Amino acid sequence: MAKIALTGASGAMGEETLKHLMASDKAHSVKILLLPDAHNKRFGAKVKKMYGERVKVVYGDLVNYEDCKKLTDGAEYVLHVGALIPPGSDHNADRTRKVNYGGTVNMVKAAKSQEKEPKFVYISTVAVYGNRNYMHPFGRVGDPLLPSAFDVYAASKLRAERFVLESDLKCRAVLRQTAMLHKNMLMNNVKDGLMFHTSWNAPLEWVTDTDSGYLMKQIVDSDVDGKADGFWQRVYNIGGGKDCRRTGYDTFDGGFKLIGGSAESFFKPVWNIPRNFHGLWFADSDELEKMFSFRHDGVDDYWQRIGKMHPEYSVAKIMPSNLIKKLVIERLLSDENAPMRWVKEKERAKVAAMFGSTENIDLCPAEWKDYPLLCRGELVDGSVDYDLIRDSEYAEKQGMLLSHGYDESKPDEELDIEDMRHAAEWRGGKCLSESMIKGDLHTKLEWECHNGHRFFSSPYTILKAGHWCPECCMPEPWNFDITAKSIPFFAQVWYDTHAKNENAVYFFENGKPAGFRQKDGVSCRI
Ligand SMILES: [Zn+2]
């Protein structure tokens, strides 16, 4: 019976994790960390009432080491799920950095300070991969990590997961969580300009909150039974598989059906950004399913469940679509997180990052009939079978997966210094170490990037997890227009949605988005 420490328990994934752990006979008790605010105190009281002594509440903050220490004291497993997520992270960049990166550093140090070191699971995010479109809709662990400009959430999670990977915790794992369907999703979405950040054609592989929570419980259960040895020291993608692969457009459409509407009846195409989002379909999300068998829900099951949970949504069905559009959606166009507001207020750096240029906004079709939608098999330069391209085996056969720059057909135990050299070259740099023990992916080697920065990282972090130079390839600032010119590993996907003559470096200045561009007027695919 395991003692578990859990962060983020009052969030969507954390609450489901707690619920499933409480139903497990392998979990002795779960200690949770909650912020001492009114919402969390109500949550704390609720779970104490439901689960009694098996739940212990620590009121505190991830940014305080002592609170993390209290949480991890005596734990055998640490499930670090908690983070400041969008839209909250979009409104408070500073706190996001402190909670997501600083909080993770605290959690790792607290875990390491224990007499008996707990096993550590870190929940990272699909957002670390950055933007994708139909040209490379599939991704896998090891792909380039190119968080979107001004996405402090993704940048802070990227730094945090690298810290976990490069820590010498004996049992650690990083799980990159995909877009998650949760019980408050529809209502949360209509409260913030964040809803306009979803690109219509962005590939998204969903998973539900329930399945994600169940996965966490399965990991603990299997490990307690001694069946999860191969799981540790690795990075995974969490995704719902083929049945959960959608695009931004058909996801919105499914949700709005519940209230009698559709994406077309509520939105204009130009309201949502065409790039600088995040999301992909996972070529490797079946790995966790094979190990832990956690999937029960598809996207359609989820919407049915939400419809049953919220019968009041159907009341909206008697309202004309244009009234909902006016009252709910259009009102958000002037929200400070809405792209149309950035356009109106001439926030040049954000407009450049999201649209490529102001000219591109005028090029966006005004009517849906003229807008190429991937979920209908329409491309800007042709057509495609939407069912077929969502199949990862088809994508692999078509050569649509990105290269990681070394011989991936070799088993891990056969990888040697030559593979390190090839991988470094594909990243525009060098492996400075002259030798390694064949197959040892966890002893750090020395590397040099194209800018001459030297750093030590494990072969696993570089070849298998997709990280590279911690100085010039980890935002902030976001300078992938520049680095992609010297790093073929980045270039193979960067130019799917960026023009070669873009030369922007995106950064915050005095807390405001700023950017530097040498040339303007570039094009961007939708
Ligand atoms: Zn560098």
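This is a predicted model: local features need pLDDT of at least 70, side-chain atom pairs count only at pLDDT 80 or more; totals for chains, interfaces and linings use all residues.
The protein has 22 helices and 20 strands. Its radius of gyration is 23 Å, close to the 24 Å given by the globule rule for 526 residues, so the protein is as compact as a globular protein of that length. The C-alpha trace spans about 60 × 60 × 45 Å along its principal axes. Of the 526 residues, 58% are buried. Contacts between residues at least 6 apart in sequence join residues at least 24 apart in 74% of cases. The accessible surface is about 21700 Å², and carbon and sulfur atoms account for 51% of that area.

Strand 4, residues 77-80, has cover on both faces. Tyr77 and Leu79 lie on one side, Val78 and His80 lie on the other, and all are buried. In a regular strand the side chains alternate between the two faces of the sheet. Strand 4 pairs with strand 1 (residues 2-7) in parallel, through four bridges. Within this pairing Val78 of strand 4 stands opposite Ala5. Strand 4 also pairs with strand 5 (residues 119-125), again in the parallel sense and over four bridges. Here His80 has Tyr122 of strand 5 as its bridge partner.

Another histidine, His182, is placed in the loop between strand 8 (180-181) and helix 7 (185-189). The relative accessible area of His182 is 17%, under the 20% limit, so the residue counts as buried. Leaving aside residues up to four places away in sequence, His182 touches Ala12, Asn188, Asp209, Tyr302 and Ile306.

Helix 15 covers residues 348-355, and seven of its eight residues are buried. These are Ala349, Lys350, Val351, Ala352, Ala353, Met354 and Phe355. An α-helix has 3.6 residues a turn, so residues three or four places apart point the same way. After helix 15 comes Gly356, with a positive phi near 95°.

Four bridges connect strand 17 with strand 18 in the antiparallel sense. Trp447 has Phe455 in strand 18 as its bridge partner.

The zinc ion has four protein donors: Cys449 (SG), His453 (ND1), Cys469 (SG) and Cys472 (SG). These donors lie 2.1 to 2.3 Å from the zinc ion. The donor residues follow the spacing C-x3-H-x15-C-x2-C in sequence. His453 is in the loop between strand 17 (445-448) and strand 18 (454-457), while Cys469 is in the loop between helix 20 (459-464) and helix 21 (480-483), so this pair ties together parts that are 16 residues apart in sequence. Both His453 and Cys469 are buried. The angles that the four donor atoms subtend around the zinc ion are 102 to 114°, and the arrangement is therefore tetrahedral. The ideal angle for four tetrahedral donors at a metal is 109.5 degrees.

Definitions and conventions. Residues are numbered from 1 along each chain as its sequence is written. Side-chain values use heavy atoms; hydrogens and water are left out. Donors are N, O and S atoms within 2.8 Å of the metal (3.2 Å for Na, K and Ca); water is not among the atoms, so sites may look incomplete. Four donors count as tetrahedral if all angles lie between 85 and 135 degrees; four count as square planar and six as octahedral if opposite donors are over 155 degrees apart and all others between 65 and 115; anything else is irregular. Helices (H or I, at least four residues) and strands (E, at least two) are DSSP runs, numbered from the N terminus. Buried means under 20% relative accessible area, exposed over 50%, partly exposed in between (1.4 Å probe, protein chains only). The radius of gyration is taken over C-alpha atoms; the globule rule is 2.2 Å times the number of residues to the power 0.38. Contact means heavy atoms within 4.5 Å. Accessible areas come from the Shrake-Rupley method with a 1.4 Å probe; for residues, only the protein chains shown count as cover. Two strands pair if DSSP finds at least two bridges between them.
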